[in-house]
Amino acid sequence: RRFHPSIFATVEVFITTGRLSGFVSKSIYSGLTKLPIDFEIHLPKEGEVAAILYTSGGTGEPKGVEYTHDIFINQTYALKNEFNLTEDDIDVAGFPLFSFFTLAMGMTSVIPYMDFAKPAECVPSILYKNITDNKATFLAGSPAIWEKLVDYCLEKKLKLDTVKYVVMFGAPVSLSIHQKFAKVLTQGTTYTPYGATECLPVSNISGEYILGHFFNDMLEGRGTCVGQAINGNAVKIIKMTDEAIPDFKNVQVLAQGEVGEIIVKGKNVTKGYYQKDEATQLAKIQNGDSLWHRMGDVGYLDENELLWFCGRKKHVVQVGDQYFYPTQVEAVYNQHPKVKRSALVKDIKNNRPAVIIERYDQKIEIDSMFLMDLKNLSQNHEHTKEIADFYAAQAFPVDVRHNIKIDRKKLQKEILE
């Protein structure tokens, strides 16, 4: 603060965790010994606001989500039951907020030695030591963290013998991460719960189940299977619209296998955004005394009521009557050995879908042989046959929270405008 005072120009009260108070800050312990030992514990009501949690802002401005005490309680029970967690489990929290849930379950929560503002820059050797020293059984956080860890383990021929659950969230998880962890975990598997700040978790599936049942489907661009709705949640797929839907009776529910907007109802669905009435109206659908939340994602339900994620609604590219869904399209090109990841965008000038490639070698060119490979991949799949425009970027811009969600709007502007 002393080196960069301008950043803190609007702050009126400064508090330090040290015991010494200065002219510009106040110790949190100041006067504590003079207070009475006995005090009345505040017992909040279920519907009382407990916290305001901000979305990552991956598709726009971050919004404050109002969390009530009952939602936190319901989330804690949902996570505890889904992963069969007990007081004997030990958590290494790759996302610090998650430790509040595990502590509430009576678990030991270990805060790893890393910069949580830059999860992708974690040092895997230190992370591995944090996990093994504490005999961790539960890991949770961004895929960007755990991919670095598992690559380190494979390089050094190390195992994670105590870990039962590696829970990854914040962005779609590649099949290769599940495959890598299958070689490193001796007692457990990976999990990819689906959800958002406004409703978490919605569904869940294990990497073991994905690799055993849907490997080829996901590789070929069917979408990402995110599992069955967890106990207490209901999921439906409705026709996509950018308009508000005030009442559920106005909803057009789609048939099995049809791609549309994902909505969810359950005890952990939040009721609104802080001081953003318009955003709340766009995201919620009233259904009598209950509420459906519009996830802002597209997907479908298969014949077994398993939910398949096909991308963010704002990232869907429409050309005439044809829709191109990001997760389905990108899976096709991500198979190429030169492609680290890809991003579907719309070439607005030419009104065509385009795919931007991030290469492993970080080259910003699409040479003739590489272009031929990409076009051949397009022709091998029905849902990509119309895609013929490809561009390269040295590195994709990503979100600040998880360091893995692609900022497609920024990428599109950098490459195509």
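I shall take a helix pair, then a pocket, and then a sheet with its helices.

This is a predicted model, in which local features need pLDDT of at least 70 and side-chain atom pairs count only at pLDDT 80 or more, while totals for chains, interfaces and linings use all residues. Residues are numbered from 1 along each chain as its sequence is written, and side-chain values use heavy atoms, with hydrogens and water left out.

Let us begin with the helix pair. Helices (H or I, at least four residues) and strands (E, at least two) are DSSP runs, numbered from the N terminus. The axes of helix H3, residues 124-133, and helix H4, residues 143-156, come within 9 Å and cross at roughly 90°. Axes are lines fitted to C-alpha atoms, for helices over the stretch in contact, and angles run from 0 to 180 degrees between N-to-C directions. H3 and H4 are therefore roughly perpendicular to each other, a term used for 65 to 115 degrees. On the H3 side, Pro124, Ser125, Leu127, Tyr128 and Ile131 meet residues of H4, among them Trp146, Leu149 and Tyr152; contact means heavy atoms within 4.5 Å. By class, the H3 contact with H4 has 9 nonpolar, 1 polar and 1 charged residues. Here Ala, Val, Leu, Ile, Met, Phe, Trp, Tyr, Cys and Pro count as nonpolar, Asp, Glu, Lys and Arg as charged, and the others, Gly among them, as polar.

I turn now to the pocket. Which helix gives the most to the lining of the second largest pocket? It is H1, with 6 residues. A pocket is an open set of points on a 1 Å grid over the protein atoms alone, where a 1.4 Å probe fits, with protein on both sides within 12 Å along at least five of seven lines; lining residues have an atom within 4 Å of a point. The lining includes His69, Phe72, Lys80, Phe100 and Met105, and divides into 9 nonpolar, 2 polar and 1 charged residues.

Finally, the sheet. Three strands form an open sheet in the order S20-S21-S22, with mixed pairing; two strands pair if DSSP finds at least two bridges between them. Strands S20 (339-347) and S22 (389-393) stand at the edges, each with a single partner strand, so one side of each is left without a neighbour in the sheet. S21 (residues 352-359) and S22 run parallel, joined by 5 bridges. Within S22, aspartate 389 is the bridge partner of alanine 354. Helix H10, residues 368-379, lies across S20, S21 and S22, running at about 125° to S22.

Terms used:
Parallel < 35°, antiparallel > 145°, perpendicular 65-115°, else oblique.
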